[in-house]
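Please look over the chain below before reading on.

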Amino acid sequence: MTIHIAEGDIAARTRAIIADLRFLEGPLLPILHEVQDEFGYVPQEAVPVIAEELNLSRAEVHGVVTFYHDYRDHPAGRHVLKLCRAEACQSMGGDAVAARVKTLLGIDFHQTTLDGSVTLEPVYCLGLCACAPSAMLDGEVYGRVDDQLAAELVAEARR
């Protein structure tokens with residue numbers, strides 16, 4: 001799935017976001033979050049606008065976008081399924097759950113199904129170590145994910 005947005009629209013919408021948040025101390029992360037909420041990802045066209053408005057270099061903005069794995073440089077699917085890859089989840093069967101989900105979806109991490117319904121992403125701790133392995137579907141967290149729950153999450157995301 002490819003979304004085309006005119007470069008001028010991206011710049012104008014990015015400037016409006018910056019205008020609302022530039023008063024914050026350390027506004028770059030909140031601005032990037034809002035840009036991603038607006039477009040579904042951080043478009044390359046937004047990076048020089050953010051840099052100019054915040055008096056940063058494009059390299060600084062790009063570095064932040066690429067450092068934090070929550071930011072995307074391309075649109076995600078309609079649903080985002082995140083699987084915890086931290087040690088606690090791996091020790092409780094997270095690798096098997098990940099393999100099952102990848103098979104059910106027919107994709108690997110950082111990929112989106114051909115129909116655009118699901119993007120699969122790794123995440124390194126959802127804070128549910130006592131209920132490992134864990135997953136997150138569209139912001140809702142699930143613990144003790146087994147084969148059955150993994151299949152249910154995939155089915156939910158495919159709708």
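A residue is called buried when its relative accessible area is under 20%, exposed when that area is over 50%, and partly exposed in between. In this predicted model, buried residues account for 43% of the 159 residues in the chain. The C-alpha trace spans about 50 × 30 × 25 Å along its principal axes.

The chain contains six helices and five strands.

Rolling a probe the size of a water molecule over the atoms shows where empty space is left. Which residues line the largest cavity? The lining consists of Leu 83, Cys 84, Gly 94, Val 97, Ala 98, Pro 133, Ser 134 and Val 145. The volume of this cavity is about 40 Å³, and the count of cavities of 30 Å³ or more comes to one. Strand β1 (79-84) and helix α5 (87-105) each contribute at least two residues to the lining, and the largest share, three residues, comes from α5. By class, six of the lining residues are nonpolar, two are polar and none is charged.

Tyr 68 lies in the loop between α4 (58-67) and β1. Its relative accessible area is 38%, and Tyr 68 is therefore classed as partly exposed.

Charged residues complete the picture. Side chains of opposite charge can pair when their charged atoms come close. How many salt bridges does a search of the whole structure find? The search finds nine. One of them joins the side chains of Arg 22 and Glu 53, at 3.2 Å from N to O. This pair links distant parts of the chain, 31 residues apart: Arg 22 is in the loop between α1 (7-21) and α2 (28-39), while Glu 53 is in helix α3 (residues 46-54). Arg 22 is partly exposed, with a relative accessible area of 39%, and Glu 53 also counts as partly exposed, at 22%.

A further salt bridge connects Asp 108 with Lys 102 (3.0 Å, N to O). Asp 108 has a relative accessible area of 37% and is partly exposed; Lys 102, at 25%, is partly exposed as well. Arg 159 and Glu 156 also meet in a salt bridge (2.9 Å, N to O). Here Arg 159 is exposed, with a relative accessible area of 67%, whereas Glu 156 is partly exposed at 39%. Finally, salt bridges with shared partners join Arg 15, Arg 22 and Glu 53 into one network.

Notes: Residues numbered from 1 in each chain as written. Predicted model: local features only at pLDDT ≥ 70, side-chain atom pairs only at ≥ 80, totals over all residues. Heavy atoms only, no water. 1 Å grid on protein atoms, 1.4 Å probe; cavity = no way out; pocket = protein on both sides within 12 Å on 5 of 7 lines; lining within 4 Å. Points joined across faces, edges and corners; volume = space filled by probe spheres on them. Helix = DSSP H or I, 4+ residues; strand = E, 2+ residues; numbered from the N terminus. Nonpolar A, V, L, I, M, F, W, Y, C, P; charged D, E, K, R; others polar. Buried < 20%, exposed > 50% of the residue type's maximum accessible area, 1.4 Å probe, protein only. Salt bridge = Lys/Arg side-chain N within 4 Å of Asp/Glu carboxyl O.
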